[in-house]
Amino acid sequence: LKGFFRDAAGCSSLLESCGDEPDEAVFYIYRARTRSGEKRVADLLGARALGDSWRGVRALANHFQEEGDYEAMYRETKAGLERFPGVDGIELLQAEALLKLKRYRECLDFLGLQAGAAGQCGGPERQARGDGFADAAAVA
């Protein structure tokens with residue numbers, strides 16, 4: 001399809017001709033990039049519904065981020081982390097959603113930080129595994 005991308009109409013036609021038959025989340029994530037509005041959301045929901053990959057969760061959360069719907073972004077990342085704990089891309093999006101919602105204390109708690117104190121980043125799953133990273137205050 002990359003070869004057809006120069007021919008946007010041809011690429012779009014090929015993607016649309018597949019309908020809802022593909023059973024791979026990557027297809028719906030890719031096609032969503034060529035769509036807008038309800039069709040885009042439908043593809044992203046379809047990718048997430050296939051459920052075997054965290055990428056569908058991340059793509060839908062990114063869509064909500066682009067739309068400025070940070071509450072939906074937070075709900076999506078929270079549910080996504082229950083299914084796929086410890087995925088950096090989803091954790092970062094959840095932290096961003098909390099910041100945009102001005103829920104600073106929750107964001108600090110999620111990242112495993114205390115206000116004004118050195119700590120570990122990465123949320124409770126990462127800290128339990130011991131693979132969080134020191135925050136800037138701890139290494140400064």
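Colleague: Let's start with G19. Where is G19 found?

Modeller: G19 sits in the loop between α1 and α2. Bear in mind that this is a predicted model.

Colleague: Is G19 buried, partly exposed or exposed?

Modeller: G19 is partly exposed, because its relative accessibility is 25%. Buried would need under 20%, and exposed over 50%.

Colleague: What does G19 touch, leaving aside neighbours within four places in sequence?

Modeller: G19 is in contact with F27, Y28 and R31.

Colleague: Take Y28, then. Which helix is Y28 in?

Modeller: Y28 belongs to helix α2.

Colleague: And is Y28 buried or exposed?

Modeller: Buried. Its relative accessible area is 6%, so Y28 falls in that class.

Colleague: What is Y28 in contact with, beyond four places in sequence?

Modeller: Quite a list. Y28 contacts G19, D20, E21 and P22, and also D43, A47 and L50.

Colleague: Which backbone atom does the side chain of Y28 reach?

Modeller: The side chain of Y28 reaches the backbone oxygen of D20, at 3.1 Å.

Colleague: How far apart in space are Y28 and V41?

Modeller: They are 9.9 Å apart, C-alpha to C-alpha. In sequence, 13 residues separate Y28 and V41.

Colleague: Back to the helix. How many residues of α2 are buried?

Modeller: In α2, 6 of its 8 residues are buried, so the helix is mostly covered. The buried ones are A25, F27, Y28, I29, R31 and A32.

Colleague: What do the buried residues of α2 pack against?

Modeller: They pack against α1, α3 and α4. For your viewer, α1 covers 8-17.

Colleague: Which element gives the most to the lining?

Modeller: α4 does, with 6 residues.

Colleague: How does the lining of the largest pocket split by class?

Modeller: There are 6 nonpolar, 2 polar and 5 charged residues in the lining.

Colleague: On to α3. What does the side chain of R40 make a polar contact with?

Modeller: R40 lies in helix α3. Its side chain makes a polar contact with the side chain of E66, at 3.0 Å.

Colleague: Why does R40 count as buried?

Modeller: Because its relative accessible area is 18%, and the cut-off for buried is under 20%.

Colleague: What else is R40 in contact with?

Modeller: Setting aside neighbours within four places in sequence, R40 contacts A32, R35 and H63, along with E66.

Colleague: Now E76. Where does E76 lie, and is it buried or exposed?

Modeller: E76 lies in helix α5, residues 70-83. E76 counts as buried because its relative accessibility is 7%.

Colleague: What about L81?

Modeller: L81 is in helix α5. L81 is buried too, at 13% relative accessibility. Beyond four places in sequence, L81 touches G86, V87, I90, E91, Q94 and F110.

Colleague: How far is L81 from Q94 in space?

Modeller: L81 and Q94 are 9.0 Å apart, C-alpha to C-alpha, and 13 residues apart in sequence.

Colleague: What stands out about the phi of K102?

Modeller: K102 has a positive phi of about 60°, although K102 is not a glycine. Its place is the loop between α6 (88-100) and α7 (104-111). K102 is exposed, at 60% relative accessibility.

Colleague: Last one: the whole chain. How many helices and strands are there?

Modeller: The chain has 9 helices and 2 strands. From the N terminus, the order is α-α-α-α-α-α-α-β-α-β-α.

Colleague: How much of the chain is buried?

Modeller: Buried residues make up 36% of the 140 residues. The chain exposes about 8,400 Å², and carbon and sulfur atoms supply 53% of that area.

Notes
Residues are numbered from 1 along each chain as its sequence is written. This is a predicted model: local features need pLDDT of at least 70, side-chain atom pairs count only at pLDDT 80 or more; totals for chains, interfaces and linings use all residues. Side-chain values use heavy atoms; hydrogens and water are left out. Helices (H or I, at least four residues) and strands (E, at least two) are DSSP runs, numbered from the N terminus. Ala, Val, Leu, Ile, Met, Phe, Trp, Tyr, Cys and Pro count as nonpolar, Asp, Glu, Lys and Arg as charged, and the others, Gly among them, as polar. Buried means under 20% relative accessible area, exposed over 50%, partly exposed in between (1.4 Å probe, protein chains only). Accessible areas come from the Shrake-Rupley method with a 1.4 Å probe; for residues, only the protein chains shown count as cover. Contact means heavy atoms within 4.5 Å. A polar contact is a pair of N or O atoms within 3.5 Å; within protein, one must be able to donate a hydrogen and the other to accept it, and residues adjacent in sequence count only if both atoms are side-chain atoms.
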